[in-house]
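Subject: Structure for you to look at

Hello,

Here is the structure I said I would pass on. Please open it alongside the notes below.

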Amino acid sequence: MTRPIREATVCLTIPFHDLDPLNVVWHGNYARYFEHARTALFQQFDYDVPQMTASGYVWPVIELNIRYARPLKYQQQITVTAGVVEWENRVKVNYEIRDAQTGARLTRGYTIQVAVDMNTEEMCYVSPAILYEKLGVPHP
């Protein structure tokens, strides 16, 4: 995986209501775990949803990829790490879910988000300057 420019990790405990009839986490819940880590990541550099909308952009997820290696189970403690690895024309965030006790990797994936101008509702093909400013990287 590409080394992230910014990274955040959250700790979660798997609740009973996230399980499927096979007593493992239902596959759709992994996106929510990614979202917890991505929110912490964007809060870290002060560009969470309120700051995004104040800047005039929304950043919808347009692609989600998840690679399941091992199942997550009830009451399992996990860490979910999110890291920004691309930001020039889109934001790509890589994720890893690990067992908090053993450190074993359980899942990995990524999301792709693009900037959409709130006034025109047009997708931006180049990330706006505000993202570079928030990330603390030079704007080309």
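This is a predicted model: local features need pLDDT of at least 70, side-chain atom pairs count only at pLDDT 80 or more; totals for chains, interfaces and linings use all residues.

Core. The largest nonpolar core has 34 residues, and those touching the most other members are Tyr33, Leu72, Ile78, Val80 and Ile97. Two or more residues come from each of strand 1 (6–13), helix 1 (29–44), strand 4 (77–86), strand 5 (91–99) and helix 3. Helix 1 is the biggest contributor, giving six residues. Apart from residues up to four places away in sequence, Tyr33 touches Leu12, Ile14, Pro15, Asp18, Val25, Leu72, Ile78, Val80 and Ile97.

Helix 1. The end C-alpha atoms of this helix are 23 Å apart, which agrees with the 22 Å that its 16 residues should span at 1.5 Å a residue. Its buried residues are Asn29, Tyr30, Tyr33, Phe34, Ala37, Arg38, Leu41 and Phe42. The cover over them includes strand 1, helix 2 (49–54), strand 3 (61–68), strand 4, strand 5 and strand 6 (105–113). Just after the helix, Asp46 has a positive phi of about 55 degrees.

Helix 3. Leu135 is in this helix and counts as buried, because its relative accessibility is 3%.

Salt bridges. The whole structure has five. In one of them Lys134 pairs with Asp46, with the closest N and O atoms 3.1 Å apart. Lys134 is in helix 3 and Asp46 is in the loop between helix 1 and helix 2, so this pair ties together parts 88 residues apart in sequence. Asp46 is partly exposed, at 41% relative accessibility.

Another salt bridge joins the side chains of Glu86 and Arg90, at 2.7 Å from N to O. Glu86 is partly exposed at 25%, and Arg90 is partly exposed at 30%. Glu96 and Arg98 also form a salt bridge, at 2.9 Å from N to O. Here Glu96 is buried, with a relative accessible area of 18%, whereas Arg98 is partly exposed at 29%.

Surface. Met123, Tyr125 and Val126 make up a nonpolar patch, with about 340 Å² of accessible area together. Tyr125 sits in the loop between strand 7 (116–117) and helix 3 (129–135). Tyr125 counts as exposed because its relative accessible area is 64%, and the cut-off for exposed is over 50%.

Regards

How values were computed. Residues are numbered from 1 along each chain as its sequence is written. Side-chain values use heavy atoms; hydrogens and water are left out. Patches are made of residues with over 30% relative accessible area and no salt bridge: like charges are joined within 9 Å, nonpolar side chains (Val, Leu, Ile, Met, Phe, Trp, Tyr) within 5 Å. Accessible areas come from the Shrake-Rupley method with a 1.4 Å probe; for residues, only the protein chains shown count as cover. A salt bridge is a side-chain nitrogen of Lys or Arg within 4 Å of a carboxyl oxygen of Asp or Glu. Helices (H or I, at least four residues) and strands (E, at least two) are DSSP runs, numbered from the N terminus. Buried means under 20% relative accessible area, exposed over 50%, partly exposed in between (1.4 Å probe, protein chains only). A nonpolar core is a set of buried Ala, Val, Leu, Ile, Met, Phe, Trp, Tyr and Cys residues joined through side-chain atoms within 4.5 Å. Contact means heavy atoms within 4.5 Å. The expected span of a helix is 1.5 Å times one less than its number of residues.
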